[in-house]
Amino acid sequence: MKLKTVYVCSECTYKSPKWMGKCPGCGAWNSFVEDVIGEEPKSASLSPRRALTARTGEQHATPYKEMEMPSYIRTATGLGELDRVLGGGLVLGSVVLLAGEPGIGKSTLLMQISDILGSHRKVLYISGEESEGQLKLRAERLSVAGDNLFILTETNIERILTEIDRVKPDVVIVDSIQTVYSDNIASTPGAVTQVRETALAFINKAKTDNISVILVGHVNKEGTIAGPKVLEHMVDAVLYFEGERQQTYRIIRAIKNRYGSTNEIGVFEMTDEGLAEVENPSEMLLAGRPQNTPGNCAVCTMEGTRPLIAEIQALVSATAFPAPRRTSNGIDYNRLCLILAVLEKRLGLRFSQNDVYLNVIGGMHLDEPASDVAVGMALISSLADRAVPDDLIAIGELGLSGECRAVSGLEYRVKEATRLGFRRAVVPARSLEKRQIKAEIELIPINSIFEILKLLLPQDKKEI
Ligand code: TYD
Ligand code: MG
């Protein structure tokens with residue numbers, strides 16, 4: 001077989017004989033990775049795409065009215081936080097991609113669910129990364145009973161497929177897809193072509209044998225699944241496992257799910273005995289929060305159907321640079337710049353002469369604009385060196401004119417704040433106009449950012 005080196009775009013698989021900075025196919029930058037390809041395999045035994053077309057045969061369009069509602073058979077994994085993200089459990093005949101940085105806990109999580117699933121399902125755990133000894137050590141640490149659990153340390157797709165036929169599992173776990181290779185493809189394991197074709201073989205197997213497959217995918221530093229971002233389009237659900245290695249908590253987020261919502265998150269804590277579910281993440285995020293300190297403000301965001309309380313910390317200090325520094329952890333950098341511009345323009349606050357550091361305690365990422373008001377309050381509080389009262393929480397989105405916009409699910413947010421002992425909540429007046437809500441704590445409705453100043457400054461002081 002003749003081999004040649006090509007460069008493949010990891011976003012759209014555009015092929016080029018030379019490396020290029022920008023992909024002519026999809027316009028992505030720095031997306032070309034080196035790959036070695038050979039001639040197309042002569043035998044059609046593996047080629048999953050060919051197998052797929054052969055299986056489907058001739059297709060006719062169905063009148064919509066004759067179509068039936070599909071019924072999915074779900075298997076709960078036994079870990080409530082994971083099932084929440086999956087939309088109730090693993091669907092038979094579906095493929096889930098679990099992506100995350102090395103060392104985040106993917107193998108740990110999968111070993112744990114293999115054990116729970118083993119009580120009523122047959123599980124085949126395929127590992128290309130660890131030896132049987134290493135797997136056994138981890139399993140012992142996690143107190144795995146191992147009923148109905150089969151371990152296979154193999155990376156050749158042809159041999160794996162044969163073993164699946166022999167074991168006939170209900171759930172197959174592939175740790176990781178980047179280690180699996182096919183003899184019929186010339187490139188090295190982990191290269192775009194290998195990953196795409198072997199993943200296709202698993203997808204094909206899942207559909208034909210009606211089994212659930214979980215593929216582990218390593219993510220590189222840029223946050224994209226190493227090389228083959230193409231996998232995201234092929235699988236039924238993509239889950240991202242994230243968290244800071246230094247911190248103990250981990251979050252699972254669905255970014256695609258054909259069988260459920262993508263809003264939900266699952267929260268875990270890494271302990272010495274594996275991952276433990278965290279049912280009340282707010283309590284964990286607020287643990288040890290500093291009291292009566294300028295620059296801090298609590299906020300409540302919604303993650304799917306669950307309200308989550310986090311603490312925003314700002315530090316505003318005089319700059320020594322011609323262009324002041326802005327650093328943001330946990331809040332989108334551009335969102336911070338926008339809020340700073342609104343505060344500067346509408347309230348005349350001098351942020352342009354100060355460095356601004358923003359951090360969400362616990363390392364949570366807050367994507368929701370409903371945290372704007374809390375960010376604004378934390379910034380003003382640090383600039384004015386006046387603490388936001390500890391029993392106050394701020395909820396609301398800021399518009400460019402400094403207006404405070406309505407947010408969804410206010411009732412749930414206020415309820416969560418009440419549960420965690422907050423006594424007052426700054427809320428958008430517009431949210432209350434639409435719907436009165438029952439609250440056990442004091443609600444402070446605001447229309448714009450101007451009212452925040454009044455809240456933070458004593459009556460006699462008009463300026464910072
Ligand atoms: P691992 O699941 O191997 O991560 P991944 O498969 O995503 O690469 O393990 C992640 C880390 O978790 C590892 O450095 C050790 C740690 N760990 C614990 O803290 N407690 C445990 O019970 C286990 C099994 C691992
Ligand atoms: Mg692993």
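I take buried to mean under 20% relative accessible area. By that cut-off I checked both faces of strand β6: Val-95, Leu-97 and Ala-99 are buried on one side, and Val-96, Leu-98 and Gly-100 are buried on the other. The model I am reading is a predicted one.

**Entry 1. The whole protein**

I began with the overall counts. The protein holds 13 helices and 23 strands. I looked up its extent next, and the C-alpha trace spans about 85 × 55 × 50 Å along the principal axes. Of the 464 residues, 50% are buried.

I then looked at contacts between residues at least 6 apart in sequence, and 67% of them join residues at least 24 apart. For charges, I found 53 positive and 59 negative ones, with mean positions 5 Å apart.

**Entry 2**

I went back to β6, which covers residues 95-100. All 6 of its 6 residues are buried, so the strand is largely enclosed by the rest of the structure. I noted the general rule that side chains in a regular strand alternate between the two faces of the sheet.

Which strands pair with β6? One is β10 (residues 212-218), which runs parallel to β6 and is joined to it by 6 bridges. In that pairing Ala-99 stands opposite Gly-217. Another is β11 (residues 237-242), also parallel to β6, over 5 bridges. There I found Leu-97 with Val-238 as its bridge partner.

**Entry 2. A sheet of three strands**

I followed a second sheet, an open one of 3 strands in the order β2-β1-β3 with antiparallel pairing. Its edge strands are β2 (15-16) and β3 (32-37), each of which pairs on one side only. Strand β1 (residues 4-9) is joined to β3 by 6 bridges. I picked out Val-8, whose bridge partner in β3 is Val-33.

I searched the whole structure for salt bridges and got 22. I read a few of them in detail.

Glu-163 and Arg-166 form one, at 2.7 Å from N to O. Both residues sit in helix α5 (residues 157-167), 3 residues apart, about one turn of the helix. Arg-166 is exposed, with a relative accessible area of 62%.

Lys-205 and Asp-165 form another, at 2.6 Å from N to O. Lys-205 lies in helix α6 (residues 192-209) and Asp-165 in helix α5, so this pair ties together parts that are 40 residues apart in sequence. Is Lys-205 buried or exposed? Lys-205 counts as buried, at 12% relative accessibility. Asp-165 is partly exposed, at 37%.

Lys-205 also has a salt bridge with Asp-209, where the closest N and O atoms are 3.0 Å apart. These two are 4 residues apart in α6, separated by about one helical turn. Asp-209 counts as partly exposed, at 35% relative accessibility. Through shared partners, salt bridges join Asp-165, Lys-205 and Asp-209 into one network.

**Entry 3. Helix α11**

I listed the buried residues of helix α11 (residues 410-419): Leu-410, Arg-413, Val-414, Glu-416, Ala-417 and Thr-418. Gly-421 follows the helix and has a positive phi, near 90°.

**Entry 4. Backbone exceptions**

I kept in mind that most residues other than glycine have a negative phi, and that most peptide bonds are trans. I noted some departures.

The peptide bond joining Asp-175 and Ser-176 is cis, with omega about 0°. Ser-176 is in the loop between β9 (171-175) and α6.

Ser-143 has a positive phi, near 50°. This residue lies in the loop between α4 (132-141) and β8 (149-152), and Ser-143 is exposed at 57% relative accessible area.

Asn-210 has a positive phi of about 55° and is not a glycine. I located Asn-210 in the loop between α6 and β10. At 41% relative accessibility, Asn-210 counts as partly exposed.

Key. Residues numbered from 1 in each chain as written. Chains lettered and ligands numbered in written order. Predicted model: local features only at pLDDT ≥ 70, side-chain atom pairs only at ≥ 80, totals over all residues. Heavy atoms only, no water. Buried < 20%, exposed > 50% of the residue type's maximum accessible area, 1.4 Å probe, protein only. Contact = heavy atoms within 4.5 Å. Lys, Arg positive; Asp, Glu negative; His and termini not counted. Charge placed at Lys NZ, Arg CZ, Asp CG, Glu CD. Salt bridge = Lys/Arg side-chain N within 4 Å of Asp/Glu carboxyl O. Pairing = 2+ DSSP bridges.
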